Amino acid sequence: MIERRAMQTWKMLWLALVSAILVACASTDDSEEGLPTGSRTEQAFYEAAQRQLRTGQWDLAVRNLRALEDNFPFGNYAEQAQLELIYAYYRNYENDAAIAAADRFIRLHPQHRNVDYAYYMKGLSSFTEGAGLFERFLPTDMTRRDPGSARESFAYFSQLMARYPESRYAVDAQKRMIHLRNLLARYEIHVANYYFKRGAYLAAANRGRYVVENFQQTPAVPDALAVMVQGYHLLEMPELEANALSVLRNNYPNHPAFNTDGTFNYNYYKGAAGRSIVHRATLGLFEKSDPRGFDSRELYNPEYNRDETPLPPELL
């Protein structure tokens, strides 16, 4: 009898302990989410998310906005929460999730008054895609990165401009498209420089021609013309070389590939032809120095004009 009572007492104590632990866990979860203890209403989730967005607690904001949408998919705050979830993902460096959330909002609410914001955030999320910790805090030449994200971002911003040209985000999107176009053009010049280094002169000249034909009025055009002059010279194509040289001289007479007397310096970038036998035999393993590539950004692109030297007459 005494043993039976003792067992019942232990069972009651055990149940009480388990109940206390569950209550404590529930309270902890609410506390971690920034909710009042025991309050998991739609308004509580939304207000907590708003506080966290204002204070930069992006991970908690994501958690609460997702919880709001999961528990109250047809509530008063559902659509606004979906928009703010895109922003929270973006600020939390979850760019793929931000793009997916924006696509979902566009699919569910194609006629929403703020759907242009979803298109804008798609472009913005792709714009910063691939920017890791070091890229965010240290100077990095983004023109040397894989251009896939830049192309996607440009396409998303183009969709915004085509569908909502009067959007409040159109001006900023247009500026970013100009930057992205410059970045993509410069990437092609880097590839051309690489082809010169490997002795692939036709491929290098074709990259230069691609920039001239597809990225007109970008700061990379002068270098693209110089690439064509150098490439066609090495390929012994004098007519194509003369045409490219004429355009370069008439439009960009201050290009650094020109000598002081106005002639083109074909030794400005020797490419593989200027490499030593050791370099060519070891593919650069034992001789790391590279010849100077065509890169006149500091002359023709104001973004890189750090020393504030006067722009050449052709850009005034």
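Start by selecting Q217, which sits in the loop between α10 (201-214) and α11 (221-234). The helix labels come from DSSP: helices are runs of H or I with at least four residues, strands are runs of E with at least two, and both are numbered from the N terminus. Residue numbers count from 1 along each chain as its sequence is written. What you have open is a predicted model, in which local features need pLDDT of at least 70 and side-chain atom pairs count only at pLDDT 80 or more, while totals for chains, interfaces and linings use all residues; side-chain values use heavy atoms, with hydrogens and water left out.

**Stop 1**

Most residues other than glycine have a negative phi. Is Q217 buried or exposed? Q217 is exposed, with a relative accessible area of 81%. Here, buried means under 20% relative accessible area, exposed means over 50%, and partly exposed is in between, using a 1.4 Å probe and protein chains only.

Now select E236, in the loop between α11 and α12 (238-251). E236 also has a positive phi, about 60°, and is not a glycine. With 70% relative accessibility, E236 counts as exposed.

**Stop 2**

Next, pick P222 in helix α11. Because its relative accessibility is 1%, P222 counts as buried. Show what surrounds it: setting aside neighbours within four places in sequence, P222 is in contact (heavy atoms within 4.5 Å) with L248, Y252, H255, S296 and Y300.

Move on to A244, in helix α12. A244 is buried as well, at a relative accessible area of 4%. Which residues does A244 touch, not counting those up to four places away in sequence? They are L225, M228 and V229.

**Stop 3: the nonpolar cores**

A nonpolar core is a set of buried Ala, Val, Leu, Ile, Met, Phe, Trp, Tyr and Cys residues joined through side-chain atoms within 4.5 Å. Select I86, Y120, M121 and V211 together: of the 44 residues in the largest core, these touch the most other members. The elements that give two or more residues to this core are α2 (42-54), α3 (58-71), α4 (78-91), α5, α6, α8 and α9 (170-198). Apart from it lies another core, of 23 residues, including L225, A226, Y252 and F258.

Zoom in on I86. Beyond residues up to four places away in sequence, I86 touches A98, A101, A102, F105, A118 and M121.

**Stop 4**

Now find H109, in the loop between α5 (95-108) and α6 (115-127). Is H109 buried or exposed? H109 counts as buried, at 16% relative accessibility. Its side chain makes a polar contact with the side chain of Q82, at 2.9 Å. A polar contact is a pair of N or O atoms within 3.5 Å; within protein, one must be able to donate a hydrogen and the other to accept it, and residues adjacent in sequence count only if both atoms are side-chain atoms. Leaving out neighbours within four places in sequence, H109 is in contact with E79, Q82 and V115.

For another loop residue, select R145, between α7 (133-137) and α8 (148-163). R145 is partly exposed, with a relative accessible area of 28%. The C-alpha atoms of R145 and L183 are 9.7 Å apart, although 38 residues separate the two along the chain.

**Last stop: the whole chain**

How many helices and strands does the chain have? There are 14 helices and 0 strands. Buried residues make up 40% of its 316 residues. Among contacts with a separation of 6 or more, 58% join residues 24 or more positions apart.
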